[in-house]
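Subject: Structure handover

Hello,

Here is the structure you asked about, with sequence and coordinates together.

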Amino acid sequence: MERATPLAVPLGQAEVFQALQRLHMTIFSQSVSPCGKFLAAGNNYGQIAIFSLSAALSSEAKEESKRPVVTFPAHDGPVYSMVSTDRHLLSAGDGEVKAWLWAEILKKGCKEMWRRQPPYRTSLEVPEINALLLVPKENSLILAGGDCQLHTMDLETGTFTRALRGHTDYIHCLALRERSPEVLSGGEDGAVRLWDLRTAKEAQIIEIYKHEECSRPHNGRWIGCLATDSDWMVCGGGPALTLWHLRSSTPTTIFPMRAPQKHVTFYQDLILSAGQGHCINHWQLSGELKAQVPGSSPGLLSLSLNQQPAAPECKVLTAAGNSCRVDVFTNLGYRAFSLSF
């Protein structure tokens, strides 16, 4: 009897496995390289893919240009959050943050530079890190997630310098209010807390769900996204997406969007939001829905605006979520194409 080629079955199995992985993929996080020409995307399998925006946007781009230039295993669990410094890509998963040197990644040398674990209460505790936030003036990194605390890490020494406690349930999102300087955090407990970085104390708390015009009890009280612009904050999740004046703790605009929103950002005179559903919503500050731009994913978890001055030709909006694709918008009004794991 003839023997089957040893590689025949494994190859078929590998292709099926990869197809199933892609079918059930979720992209949680994105980060643009310091040069502005590359995009990192992190998925639920712990992988990070690096895409060349400059190649994909080129007039000579082919289908291959929309595939990763490199994909590497970064974490044992999902890559929940990523940010980039002028040299490093920082990624967060279950219980730890890792650093990768951008220069080495682009040479396809994907070896971690370091990893750090915040000082958790017990050695058995491995909470997810849902959010990373750079504080450039302090050269520090703030991380937050499942242990209900904000941890500050000195990026020069790699040491954790303080923990901010106040949330009673896990934290979903962070935003920086640079002028103050204050950090805002939102979480499952329904509160947005403002922390003064000079005193390391809570400066203000807004319990969004207690405001009748924002409350939507059927969706829960959780805060899944927030962004700031000077004295203004926009946040949403279980409660309605709402624009707040921070000094007066007053909701000024309730955006008429039924689906919970998972990501929000200020852009010029607009607010961009995304969440359940495949559209990116363009809001005027008055609450009027200016546009809904469809993407290819059934739900969106992450928006990234590439505004690196070093690469104006790569100035794009990218959106990712419940699929293996990252949608690229060269003009905010339509999806130009999709990158794919």
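A disulfide is counted here when two cysteine sulfur atoms lie within 2.5 Å of each other. Please keep in mind that this is a predicted model.

Cysteines

By that cut-off the structure holds 0 disulfides. Cys110 counts as partly exposed because its relative accessibility is 23%. Cys225 is in no disulfide either. The nearest cysteine sulfur to Cys225 belongs to Cys173, at 6.4 Å. With a relative accessible area of 3%, Cys225 is buried.

Strand E5 covers residues 81-84 and is covered on both faces. Ser81 and Val83 are buried on one side, and Met82 and Ser84 are buried on the other. E5 pairs with E6 in the antiparallel sense, over 4 bridges. Within E6, Ala92 is the bridge partner of Ser81.

Second largest pocket

The second largest pocket holds about 210 Å³ of space. Two elements give two or more residues to the lining of this pocket: strand E6 (88-92) and strand E9 (129-135). Among the lining residues are His88, Leu90, Leu134 and Val135, and the lining also includes Asp86, Arg87, Trp114 and Leu155. By class, the lining of the second largest pocket has 6 nonpolar, 4 polar and 2 charged residues.

Cavity

How many cavities of 30 Å³ or more are there? The count is 1. The largest cavity has a volume of about 40 Å³. Strand E10 (residues 140-145) gives the largest share of its lining, 3 residues. The residues that line the largest cavity include Leu143, Ala144 and Gly145, along with Pro118, Tyr120, Asp147 and His151. The lining of the largest cavity divides into 6 nonpolar, 3 polar and 2 charged residues.

Regards

Conventions
Residues are numbered from 1 along each chain as its sequence is written. This is a predicted model: local features need pLDDT of at least 70, side-chain atom pairs count only at pLDDT 80 or more; totals for chains, interfaces and linings use all residues. Side-chain values use heavy atoms; hydrogens and water are left out. On a 1 Å grid over the protein atoms alone, a cavity is a set of points where a 1.4 Å probe fits but cannot get out, and a pocket is an open set with protein on both sides within 12 Å along at least five of seven lines; lining residues have an atom within 4 Å of a point. Grid points are joined across faces, edges and corners, and a volume is the space filled by probe spheres set on the points. Ala, Val, Leu, Ile, Met, Phe, Trp, Tyr, Cys and Pro count as nonpolar, Asp, Glu, Lys and Arg as charged, and the others, Gly among them, as polar. Buried means under 20% relative accessible area, exposed over 50%, partly exposed in between (1.4 Å probe, protein chains only). Two strands pair if DSSP finds at least two bridges between them.
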